[in-house]
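Thank you for coming, everyone.

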Amino acid sequence: MTPLFLFRFARHSVLGLICGLSTLFVANNAHAAFGDIVAQYTFPASSLVMSPTESLMYATIPSQNSVAIINSNTLVVEDTVFVGSSPTNLAFSPDGLKAYIANSTSNFVAVFDTQSRTVVDSLLIPEQPQDVVFGNSNRLWVLGETEIFQIDATTGNSTGPNVGGVFVYSGSLEISPDRNTLYYGDYGLSPSTLYKIDVSGINPVLLLQTPFGTVGSNGEDLTISYNGSYICYTVGSGQNNYDIAKFRTSDFASLGSFVTGPYPQAMAWSPDDVVAYASVHTLPGIMAFDANTFLLLGTMSGPDVASKLAADSTGRYLFAGYYAYFSSFMGTIVFDTGRTEPTPTPTPTPTATATPTATATPTATPSPTPTSTPCMGRCSPTPRPRPTPHPRP
């Protein structure tokens, strides 16, 4: 054998071994029902994102500096690829040919070619990236440590001013389906704030922000619906009384709440926006709600608190990442949602409640608001002792 052949043989053998070791089991799911665990992996995923063009779920694994690529039909890990320093989130180009990965302990957004499954470029930004979304006009919006940057997805050059009027403290980004509206929710502050920004042009314009003290404390997750009409901002204290409010994206009016109990952690929509899934700190499992009536449909039993949730493109499987340092289980689990069976018939969405909402502002200049402070603990008493969470990158 030639040295080159030996190298390729060894490389593929190692990759095969890594992929094999990362999967604890994949069950025969032909007769699986709601809540059944159909696959389990050893790696703890910090984010789970479906390819827009292929039946593949991508999982970022900060502890392994890698991304796992899971076939969402067979649930087999097809590849595990080194991508850089502590990847926490990723976003796809609309054609699915590129993935942009926020390597949170470096100053780079990695550009990942999904066909060759290799990192083909790294885009330098002034701060360590915590999250990234793909906007219009080939732009990336990148959440740094104190700013939200806009850069060209090909060159990495700045394409305009940073987002103004927003107090950045950890958090998450979401983008509307037409890629013209950006949403940002901070993490780890008391109180929390949700922002809506017009990014259709070069100059970002702050349109809305939730009034001070109205959406709870200690942000944990931000999830926009697939149709872009609704958004959920999961905070540890809940929006009202340990719940996750369903906000209308047009004006941030609350349409109702998914009552989870203490303390909401993560949330995901089904691809048709009919079912909402939520994990909470005091329940070792995942709750499923009718997204229109807010009624509880059932609970999937799990080992501990899922930190990130995502449904596959068919809605049959729910992927759950367990990566919180205080969890007794660290890994990733796939649940059967039972969505191959008849689902609850959606009912008309309840009328928005008369709660204060922010008024759109014509410019990016913010009005003075009280300053949020870092949230220590969960901003409310916990029923069981845990180490004090630090703001997650």
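Leucine 222 has its bridge partner in E20, and that partner is tyrosine 233. This comes from a predicted model, so please keep that in mind as I go on, since every value I give is computed from it. The two strands involved are strand E19, residues 219-224, and E20, and they run antiparallel with 5 bridges joining them. Between them the hairpin has 5 residues, and in it glycine 228 takes a positive phi near 80°.

Now stay with strand E20, residues 230-235, for a moment, and ask how many of its residues are buried. The answer is 6 of the 6, so strand E20 is largely enclosed by the rest of the structure. In a regular strand the side chains alternate between the two faces of the sheet. In E20 we can follow this residue by residue: Tyr230, Cys232 and Thr234 point one way, Ile231, Tyr233 and Val235 point the other way, and all of them are buried. E20 is also joined to strand E21, residues 243-248, by 2 bridges, and these two strands run antiparallel. In that pairing, isoleucine 231 stands opposite phenylalanine 247 in E21. There is one further detail at tyrosine 230, where the charged end of lysine 246 sits over the ring, 4.1 Å from its centre.

Let me step back to the whole chain. The protein chain has 1 helix and 30 strands, and of its 393 residues 57% count as buried. If we take the contacts between residues at least 6 apart in sequence, 47% of them join residues at least 24 apart.

Inside it, E28 is joined to strand E29, residues 331-336, by 6 bridges, and the two run antiparallel.

E11 pairs with strand E12, residues 139-143, in the antiparallel sense over 4 bridges, and valine 132 stands opposite valine 142 in E12.

Next, the interior. In soluble globular proteins, nonpolar side chains tend to be buried together. The largest nonpolar core here has 19 residues, and those that touch the most other members are Tyr41, Phe43, Leu75, Phe319 and Val334. Several strands each supply at least two residues of this core, including strand E2 (37-41), strand E4 (56-61) and strand E28 (317-322). What does valine 334 touch, once residues up to four places away in sequence are not counted? Among its contacts are Asp36, Tyr41, Leu75, Tyr317 and Phe319. A second, separate core of 17 residues includes Met300, Ala306, Leu318 and Phe329.

Valine 305 lies in the loop between strand E26 (296-301) and strand E27 (308-311). Is valine 305 buried or exposed? Its relative accessibility is 2%, and therefore it counts as buried. Valine 305 and phenylalanine 329 are 24 residues apart along the chain, and their C-alpha atoms are separated by 8.4 Å.

Finally, the aromatic rings. A search of the whole structure finds 10 aromatic pairs. In one of them, the rings of phenylalanine 258 and phenylalanine 289 have their centres 5.4 Å apart and their planes at 45°, so the pair is tilted. Phenylalanine 258 lies in strand E22 and phenylalanine 289 in strand E25, so this pair ties together parts that are 31 residues apart in sequence. Phenylalanine 258 is buried, with a relative accessible area of 1%, and phenylalanine 289 is buried as well, at 2%. Phenylalanine 258 also forms a tilted pair with phenylalanine 294, at 5.0 Å centre to centre and with 50° between the planes. Elsewhere, Tyr58, Phe92 and Phe112 form one aromatic cluster.

Notes. Residues numbered from 1 in each chain as written. Predicted model: local features only at pLDDT ≥ 70, side-chain atom pairs only at ≥ 80, totals over all residues. Heavy atoms only, no water. Core = buried A, V, L, I, M, F, W, Y, C linked by side-chain atoms within 4.5 Å. Buried < 20%, exposed > 50% of the residue type's maximum accessible area, 1.4 Å probe, protein only. Contact = heavy atoms within 4.5 Å. Pairing = 2+ DSSP bridges. Phe/Tyr/Trp six-rings, centres within 6.5 Å; stacked < 30°, edge-to-face > 60°. Lys NZ or Arg CZ within 6 Å of the ring centre and 35° of its normal.
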